[in-house]
Amino acid sequence: MRTSCPGNRAIFLFGPTAVGKTQLLFDFFSETGEVVNADSVQVYRKLDIGSAKADDETRKRIPHHLIDILDPWETFNVADFIRYADAACSDIWSRGKLPVISGGTAFYFKHFMFGLSEAPQADPEIRKTVDLYMRDQGLAKAHDYLKIVDPVSAARINPNDAYRISRAIEVFRQSGRPLSSFALPTTPRNDMKILAIGLCRDKAILDERIRLRVSIMFQQGIVDEIRSLLELGANPQWQSMQGIGYHEFMDRVWIGEKASSIRALDSLSKLDYEDITQQIVMNSIHYAKRQMTFFKSFADVHWISPENTTELKALMDEFLKD
């Protein structure tokens, strides 16, 4: 395989949670590529265990970009991702390496390829009004409202995704049109050439891998990580706390202020932990299903098993040849 890459080629490597992306990156791309993280939780510092970040050995073997770039109370959206990812790819290309955009946040891939929709830019006053509305009504009622004014977007957006729910409501209130009605570009930005590789496994195997991952999270110390975040002031309104592995704890222990919430965490029983574990497992399984539904809508994807490196090498050789 060639060791240098033309400056407009990149790999998309995606698939559902726990499918095996990190191991494949380590095994296959260490010499030729560098990773551009496309996971909306791994951008945050101090969210290591719940987001299943690559360990230090993997990150030394293959450089990772867009990991640990924000504090956990900051917000991050798809426009931010495009800006950071563009800069990372330019840096990687400058060294003759291949950017491998890898993760599970499906709409990051879509908009990195095609750009953003024609929806209006955020209006600060409308955003403030919508924020107040969502705090007063709660996520569930806000999502129910979105089902009325923009059912297409509501079907696409996870009911726990406060940022995207808020954005869709903002667009409707600002323009009088649903976010889903605004056109998306249909040609790749910047004349990019993309090899899209989707990783997939049998559902039963994937579900078991998810259960194992959640078990490992607890062994690695997810409870201590949650406590550290609470000590920093974490609360359910932080965008970072809406990720799977975090919001299940926040739903259980957040009482309205830091000290009492830490006490609630420290008071959890064995049954509480078993219940939280099961919630994380089921939410992860449901999320994996939604990820696959979104990824399956992409055109020109080569779907392979993570173990099928022979086919992957053939795809790479064809993609990178002059």
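Author: Let's start with Ile-101. Setting aside neighbours within four places in sequence, Ile-101 is in contact with Ala-10, Ile-11, Phe-12, Leu-13, Val-36, Ala-38, Phe-81, Cys-89, Phe-109 and Phe-112. Keep in mind that this is a predicted model.

Reader: Okay, and which residues touch the most other members of the largest nonpolar core?

Author: Ile-101 is one of them, along with Ile-11 and Phe-29, in a core of 79 residues. Helix α3 (residues 78-94) gives the most to this core, namely seven residues. Apart from this core lies another one, made of twelve residues, including Ala-142, Ile-157, Ala-168 and Ile-169.

Reader: Now the rings. How many aromatic pairs does the structure hold?

Author: There are 19 of them. The general idea is that you describe a pair of rings by the distance of the centres and the angle of the planes. Take Phe-14 and Phe-109: their centres are 5.3 Å apart, with 70° between the planes, and the pair is edge-to-face. The cut-off you need here is that planes over 60 degrees apart count as edge-to-face.

Reader: What does the pair of Phe-14 and Phe-109 tie together?

Author: Look at where each ring sits. Phe-14 belongs to strand β1 (residues 9-14) and Phe-109 to helix α4 (residues 106-114), so the pair ties together parts that are 95 residues apart in sequence. Both Phe-14 and Phe-109 are buried.

Reader: Which charged ends sit over rings?

Author: Here are two cases. The charged end of Arg-164 sits over the ring of Phe-107, 4.1 Å from the ring's centre. The charged end of Arg-173 sits over the ring of Tyr-133, 4.9 Å from the centre of that ring.

Reader: Last one: where is Gln-291 found, and what is Gln-291 in contact with?

Author: You'll find Gln-291 in helix α13 (residues 270-296). With a relative accessibility of 4%, Gln-291 counts as buried. Leaving out neighbours within four places in sequence, Gln-291 is in contact with Gly-15, Pro-16, Thr-17 and Gly-104.

How values were computed. Residues numbered from 1 in each chain as written. Predicted model: local features only at pLDDT ≥ 70, side-chain atom pairs only at ≥ 80, totals over all residues. Heavy atoms only, no water. Phe/Tyr/Trp six-rings, centres within 6.5 Å; stacked < 30°, edge-to-face > 60°. Helix = DSSP H or I, 4+ residues; strand = E, 2+ residues; numbered from the N terminus. Buried < 20%, exposed > 50% of the residue type's maximum accessible area, 1.4 Å probe, protein only. Lys NZ or Arg CZ within 6 Å of the ring centre and 35° of its normal. Contact = heavy atoms within 4.5 Å. Core = buried A, V, L, I, M, F, W, Y, C linked by side-chain atoms within 4.5 Å.
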